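These are my notes from a reading of one structure. I set down in turn what I looked up and what I found.

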Amino acid sequence: MRFSEAWLREWVNPDITTEALADQLSMAGLEVDSVVPAAPAFSGVVVGEVLTRAPHPDADKLSVCSVNTGGDAPAQIVCGARNVAAGMKVAVATVGAKLPGDFKIKEAKLRGVQSLGMICSAAELGLAESSDGILPLPADAPVGSDLRDYLALDDPCIDVDLTPDRADCLSVAGIAREVGVLNRVSVCVPQIGVVEPAIDAAFAVDLQAEAACPRYLCRIVHGIDAAAQTPDWMVEKLRRGGIRAISPVVDITNYVLLELGQPMHGFDLDRLDGGIVVRMAEAGERLRLLDGSEATLRADTLVIADRRRALAMAGIMGGEDSGVGEATQNVLLESAFFTPLAIAGKARSYGLHTDSSHRFERGVDFMLQRLAMERATALMLAIVGGQAGPITEATTDAHLPQREPILLRRARVRRVLGVAIDDATIADILARLGMQVTATDAGWSVIAPSARFDIAIEADLIEEIGRVYGYANIPASLSSAPVSIALRPEAEFNLGRAKQLLTQRGYHEAITYSFIAPELAALLTPEVAPIKLANPISADMSDMRASLWPGLLQTLQYNLARQQTRVRVFESGLTFRRTDADIEQHPKLAGLVYGEAAAEQWGLASRQADFFDIKADLESLLGQVADPTEFRFVAAEHPALHPGQGAQVLRKDAPIGWIGLLHPAVQKALDLPKGVFLFEVDLLPLRLGGIPQFAPLSKFPAIRRDFALLVDRDLPFQAVLDCVRDAAPAFVTEIQLFDVYTGENIDLSLKSLALSLILQETSHTLTDTEIDEASAVVLAALAEVLSVKLRD
């Protein structure tokens with residue numbers, strides 16, 4: 001919710017600074033995201049009056065203007081705008097002025113004619129995204145005055161990030177109510193009178209979907225001035241509220257939306273047939289929306305229709321064929337209450353998000369519709385003229401939200417908040433929040449206002465008292481409750497230590513959403529049936545993730561877009577899979593490596609990270625769980641990994657995860673560079689590890705024996721390692737691979753592995769006979785099982 005502080009102070013004006021106001025709102029639960037001036041920084045721009053306009057002698061599209069800027073003499077300015085005319089009040093950037101973008105105005109010659117300044121458009125001053133011509137100012141604008149002061153462009157615009165339960169603050173009126181309560185000052189509500197009908201014209205309303213729309217109001221306004229313009233004060237208030245001015249009728253409904261929080265819509269009455277019908281859509285029914293898109297409606301979508309066709313998606317967006325246009329003279333205004341459940345998720349399901357849907361799906365005050373209709377009618381008559389008919393209202397009381405009394409106990413307030421607040425303060429807070437308060441022996445009976453959908457139980461009332469009283473005013477105290485420390489098995493996997501290890505190895509932890517785009521899910525986990533969210537945040541966050549890789553790959557994309565050439569990230573979190581009747585959650589740990597193996601430095605030659613770098617990281621991680629010999633990496637295929645550089649991670653032959661190079665097809669689809677390596681392991685199989693056990697150091701010398709072995713080129717080293725471990729006697733303490741060679745003097749079908757055995761006994765010094773026998777046993781096993789030969 002974005003609003004102008006000046007507009008807010010028209011409603012409530014506490015004696016506090018802008019900074020204090022922002023802090024106050026944040027501490028009350030209405031988090032302030034930003035406070036920025038109404039216009040970007042510029043200086044040297046004044047109000048000027050065009051005295052004369054003459055064509056440029058050397059350019060058809062330029063004019064030479066004499067402009068009074070309040071100085072000793074008029075300034076000659078060359079202007080290219082078509083709408084400049086003698087007698088206009090305009091914004092003039094004088095010589096030496098600085099415009100947004102650090103653009104400085106200097107004395108210049110344009111096609112041979114001297115120009116002492118610039119007549120500015122709204123876009124050049126940062127007041128609009130684009131402009132067609134210069135910015136006209138009101139005729140009574142004082143010549144020579146500073147434009148920032150005249151238009152109050154230093155007015156702070158406050159952007160509040162509201163939680164979904166505080167829909168009551170999606171308006172200036174709602175924010176003003178909060179500020180009034182927090183500062184104990186009165187709120188000056190504008191006088192909104194009843195507009196008496198000038199004509200008898202009315203439009204019938206048929207509520208066929210009463211549960212979804214229990215209240216619908218409409219009103220005819222005949223004979224509006226199609227040539228009328230939205231007044232500058234309204235355009236500027238809308239702009240400062242983040243809404244672009246479009247046309248008077250649309251601007252008026254948007255103004256009421258920002259001021260009171262009631263979404264409204266205007267139909268071109270002459271395009272409607274027979275009356276308004278509020279109904280559910282027919283499956284497959286089509287509607288062209290105001291943004292030019294065409295929606296194919298579902299049967300669960302509420303629509304506003306006439307006797308022939310659907311006119312609008314209720315609470316979301318109007319239709320193009322019935323909207324107000326430049327030639328509209330007769331308008332039907334709509335003000336309705338749609339239940340939150342009827343609107344929630346519908347806009348996102350059609351790929352839309354509008355100011356109306358944002359409010360209706362959170363809850364709009366169901367008693368506000370008539371007041372908003374009177375306000376919009378009065379503004380229309382004042383701005384575009386016309387004659388208003390009577391308000392037509394269709395209401396089904398049985399389907400409106402019911403406000404039941406809530407018992408608030410005095411003792412419960414003290415117990416929950418931990419501080420004694422006197423009765424008068426509690427009653428004052430509740431009354432200022434618009435609640436109906438009746439004293440009882442135990443406390444109070446409270447009825448929440450119609451705008452507060454978030455207040456239903458006693459705890460909600462206590463929360464309101466606490467935040468308005470001020471959390472800073474509640475003293476901190478240590479809990480006196482008994483505390484027991486749960487014993488943690490010593491062998492249990494320690495995720496915190498695992499994260500610390502990865503951080504020490506150069507990784508950064510990422511935290512990503514559990515919701516991903518369907519396209520990412522299909523790309524990375526096509527073998528898993530997708531779990532669709534019923535009410536997703538957006539269309540690209542509608543599937544529950546079955547892997548942590550989508551989030552890590554998106555993190556890589558984000559970093560690459562910001563010129564990061566070496567990325568190492570990891571994440572721990574839940575993944576989700578559907579079983580026959582339920583959804584299973586699996587805790588996992590995943591990592592991603594891209595870029596150079598080591599940070600750039602003078603002491604190491606630069607090289608790109610490869611499979612064995614990320615494998616070493618994972619092996620180090622698994623080594624904290626149990627004996628490294630329990631884990632194996634077996635070549636296998638995964639849809640997201642390169643067919644030749646992917647492996648399944650096993651623990652005692654049970655699969656626990658995957659590691660490998662990103663599949664080229666996935667890499668291309670995500671527009672990623674080559675060399676992205678990933679791992680992911682399931683944490684449940686790692687839950688129970690081994691406890692390190694002390695073994696005395698041998699006081700006898702260790703012996704090393706090296707062997708050059710010729711093996712089949714496609715034979716994985718893991719098979720050689722397993723064979724040696726099975727055959728070697730117990731005093732073979734280490735087995736190391738220290739070289740792999742293919743090339744000259746080696747058959748193309750073979751490769752050479754250089755293997756070392758470390759032999760050491762704990763009871764005596766090994767003899768040459770024992771060493772030779774151990775070597776012979778190992779070589780014999782290799783020859784028999786794997787057809788391995790010693791290299792000459």
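I count two strands as paired if DSSP finds at least two bridges between them. The model I am reading is predicted.

**Entry 1. Strand 19 and its partners.** I applied that rule to strand 19 and strand 20 (residues 310-313), which pair in the antiparallel sense over three bridges. Are the faces of strand 19 covered or open? I found both covered: Leu302 and Ile304 are buried on one side, and Val303 and Ala305 are buried on the other. I noted beside this that side chains in a regular strand alternate between the two faces of the sheet.

Entry 2. I looked up a sheet of three strands and read its order as 24-26-25, with antiparallel pairing. Strand 24 (406-409) and strand 25 (436-439) are at the edges with a single partner strand each, so one side of each has no neighbour in the sheet. From one strand to the next I read an average twist of 30 degrees. Strand 24 and strand 26 (residues 443-447) run antiparallel and are joined by four bridges; Leu408 stands opposite Trp444 there. Which strands does helix 12 (residues 423-432) touch? It packs on the sheet against strand 24, strand 25 and strand 26, and its direction makes about 0 degrees with that of strand 26. Helix 13 (residues 458-469) also packs on the sheet, touching strand 24 and strand 26, at about 55 degrees to the direction of strand 24.

**Entry 3. Helix 5.** I listed the buried residues of helix 5 (residues 232-240) as Met234, Glu236, Lys237, Leu238, Arg239 and Arg240. The elements they pack against are strand 1 (2-4), helix 1 (5-11), strand 12 (156-161), helix 6 (248-260) and helix 10 (369-383). Just after this helix, Gly242 has a positive phi of about 85 degrees.

**Entry 4. Nonpolar cores.** The largest nonpolar core has 50 residues, and Phe3, Leu8 and Met380 touch the most other members. Helix 6 gives the largest share of this core, seven residues. I followed Leu8 and, leaving aside residues up to four places away in sequence, found contacts with Phe3, Leu21, Val172, Ile175, Ala176 and Val179. A second, separate core has 40 residues, among them Ala312, Met317, Ala342 and Leu352.

Entry 5. I counted eight aromatic pairs. One of them, Phe337 with Phe453, is stacked, at 6.3 Å centre to centre and 20 degrees between the planes. Phe337 lies in strand 22 (residues 331-337) and Phe453 in the loop between strand 26 and helix 13, so the pair ties together parts 116 residues apart in sequence. Phe337 is buried, at 0% relative accessibility, whereas Phe453 is partly exposed at 27%. I also recorded an aromatic cluster formed by Trp7, Trp233 and Tyr255. Two charges sit over rings: Arg298 has its charged end 4.6 Å from the ring centre of Tyr350, and Lys615 lies over the face of Phe633 at 4.8 Å from the ring centre.

Notes:
Residues are numbered from 1 along each chain as its sequence is written. This is a predicted model: local features need pLDDT of at least 70, side-chain atom pairs count only at pLDDT 80 or more; totals for chains, interfaces and linings use all residues. Side-chain values use heavy atoms; hydrogens and water are left out. Buried means under 20% relative accessible area, exposed over 50%, partly exposed in between (1.4 Å probe, protein chains only). Helices (H or I, at least four residues) and strands (E, at least two) are DSSP runs, numbered from the N terminus. Contact means heavy atoms within 4.5 Å. Axes are lines fitted to C-alpha atoms, for helices over the stretch in contact, and angles run from 0 to 180 degrees between N-to-C directions. A nonpolar core is a set of buried Ala, Val, Leu, Ile, Met, Phe, Trp, Tyr and Cys residues joined through side-chain atoms within 4.5 Å. Rings of Phe, Tyr and Trp (its six-membered ring) pair if their centres lie within 6.5 Å; planes under 30 degrees apart count as stacked, over 60 as edge-to-face and the rest as tilted. A charge sits over a ring if NZ of Lys or CZ of Arg is within 6 Å of the ring centre and within 35 degrees of the ring normal.
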